[in-house]
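Me: I've got a new model open and want to go through it piece by piece. Can you take some quick questions?
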Amino acid sequence: MDYKLLLDTAVLAGKIMLENGAEIYRVEDTIYHILKKSELKVAQAYVVSTGIMVTLDDPAIDSLTVIRRIRERRTNLNFIDKVNSISRNFCADKITLKEAFHDLKHMEPNYYNNWLQILATAVCTGSFSVLFGGGWEEAGVAFVVGILVALVTLGGRRINLNGFLTNAVCSVVIAWGTILFSNIPGVEININPVIIGSIMPLVPGAAITNAVRDMLQGDFNASGAKILEAFVIAAAIAAGVGLGFFMTGGLR
Amino acid sequence: MVVQVICAFLAIFSFSILIEVPKKYLLYTGGIGALGWLVYLLVNSRSHHVTMGTFVAAVFIAIASHVCARWLKSPVIVFFIPGILTLVPGAGMYHIVYYMIMDQQNVSMNYFVETLQLAGVIALAIFLVDSVVYQIFRRK
């Protein structure tokens with residue numbers, strides 16, 4: 001067996017999972033399962049939220065060690081699901097090592113196109129405003145605000161804006177847009193459900209979830225980092241909404 | 001209530017698209033979100049505390065996610081992250097800022113405590129269900 005390729009495959013799988021928001025223990029577990037196919041004595045994976053360290057050792061070979069630094073971070077459950085099924089198939093001997101490596105290297109980057117993402121954001125904000133006590137008018141306004149949010153998010157991604165600023169600018173646009181709409185004569189809306197519904201796609205649900213799950217597995221490093229991330233996202237949203245209110249001359 | 005549940009389904013379905021849940025799972029995540037919201041509404045109509053409804057709904061969503069994950073052979077978080085979104089205290093976060101700007105610090109602090117409670121209760125629900133599932137499957 002080509003141990004070098006096996007190690008590369010395992011690390012690549014781990015890297016993709018970690019970059020796309022999987023829990024630490026799942027990343028370690030996946031790497032470990034792939035490495036176990038070598039049947040060597042020592043197979044260790046040490047993963048933190050910013051990097052991966054993997055080593056493979058046996059009396060018969062020189063030890064192999066790989067370190068990977070992780071810089072990007074986002075939530076993309078499609079990649080996590082795909083890597084999961086590739087590693088399952090590989091461990092069950094349904095595909096060869098080469099095929100597994102090839103599949104990992106050539107995963108399609110974007111599952112849903114931009115138009116669909118814009119529409120999805122708008123539907124999401126619209127429906128959430130109903131959940132938080134809005135009527136059809138509020139849902140309509142939230143739908144339009146959702147389109148603005150999606151445009152800002154996509155624009156931010158294009159110019160590589162960091163997460164904090166993207167969230168803050170989105171929230172400014174939400175508060176500002178909503179108040180602008182409520183000032184149009186003939187539009188009688190309650191701004192609270194609209195704003196709450198519109199910030200829902202931005203709230204740190206994924207960070208909270210992963211923080212708890214990592215903590216349960218004893219990965220306190222990663223868990224603490226995720227809790228901080230949740231607070232930073234919340235602060236960005238709060239600052240943004242506050243700024244938006246001030247820009248429109250406060251609340252009447 | 002029917003409108004609310006349909007909207008919860010739409011909201012979670014479309015949010016799943018945003019975090020790129022694979023196409024074949026979209027109906028499941030939407031369904032988990034909608035049923036979770038239904039549980040939340042039912043419990044809240046009988047109790048005075050929002051936290052109770054959030055807790056029961058979060059436990060329900062966690063169990064449903066684990067069942068779907070085992071059944072469809074996919075990681076749990078694929079179902080859990082979108083499913084739990086309806087319960088994440090976005091409203092609380094907004095109210096904190098709103099009342100702070102309106103110069104009503106007391107109300108703002110109330111919402112701050114409530115938001116922390118809700119986040120804590122969600123965490124507790126995940127802890128509970130994950131631990132139980134872990135114990136069950138380790139014994140086998």
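Me: Start with H5(B). Is it mostly covered or mostly open, and how many of its 12 residues are buried?
Reply: Mostly covered. 9 of the 12 residues of H5(B) are buried. Bear in mind that this is a predicted model.

Me: Which residues of H5(B) are the buried ones?
Reply: Gly90(B), Ala91(B), Gly92(B), Met93(B), Tyr94(B), His95(B), Ile96(B), Val97(B) and Tyr98(B).

Me: What span should H5(B) have, and what does it have?
Reply: At 1.5 Å a residue, its 12 residues should span 16 Å. The end C-alpha atoms of H5(B) are 17 Å apart, which agrees.

Me: What about the backbone just after H5(B)?
Reply: Asp103(B) sits there with a positive phi of about 65°.

Me: Now the interface. How many residues of chain B are in contact with chain A?
Reply: 41 residues of chain B, against 44 residues of chain A.

Me: Which elements of chain B give two or more residues to that side?
Reply: Helices H1 (2-18), H4 (77-84), H5 (90-101) and H6 (105-139) of chain B. H1(B) gives the most, with 10 residues.

Me: And how do the residues on chain B's side divide by class?
Reply: 32 are nonpolar, 6 polar and 3 charged.

Me: Switching to chain A. What order do the strands take in the sheet?
Reply: S1-S2-S3, in an open sheet with antiparallel pairing. The twist averages 5° from one strand to the next.

Me: How many bridges join S1(A) to S2(A)?
Reply: 7 bridges, with S2(A) covering residues 51-58. Across that pair, Ala43(A) stands opposite Leu56(A).

Me: Which strands does helix H1 of chain A touch?
Reply: H1(A), residues 3-19, packs on the sheet and touches S1, S2 and S3 of chain A. Its direction makes about 155° with that of S2(A).

Me: Where does H2 of chain A lie?
Reply: H2(A), residues 24-36, lies across S1 and S2 of chain A. It runs at about 160° to S1(A).

Me: Last topic, domains. What does the assignment give for chain A?
Reply: Domain 1 (3-105) and domain 2 (114-247). Their C-alpha centres lie 34 Å apart.

Me: How many residues are in contact between those two domains of chain A?
Reply: 7 residues of domain 1 are in contact with 9 residues of domain 2. The domain 1 side has 3 nonpolar, 3 polar and 1 charged residues.

Key. Residues are numbered from 1 along each chain as its sequence is written. Chains are lettered from A and ligands numbered from 1 in the order in which they are written. This is a predicted model: local features need pLDDT of at least 70, side-chain atom pairs count only at pLDDT 80 or more; totals for chains, interfaces and linings use all residues. Two strands pair if DSSP finds at least two bridges between them. Helices (H or I, at least four residues) and strands (E, at least two) are DSSP runs, numbered from the N terminus. Axes are lines fitted to C-alpha atoms, for helices over the stretch in contact, and angles run from 0 to 180 degrees between N-to-C directions. Domain bounds come from an automatic or database domain assignment. Ala, Val, Leu, Ile, Met, Phe, Trp, Tyr, Cys and Pro count as nonpolar, Asp, Glu, Lys and Arg as charged, and the others, Gly among them, as polar. The expected span of a helix is 1.5 Å times one less than its number of residues. A residue is buried if 20 or more other C-beta atoms lie within 10 Å of its own, exposed if 12 or fewer, and partly exposed in between; C-beta atoms are placed from the backbone.
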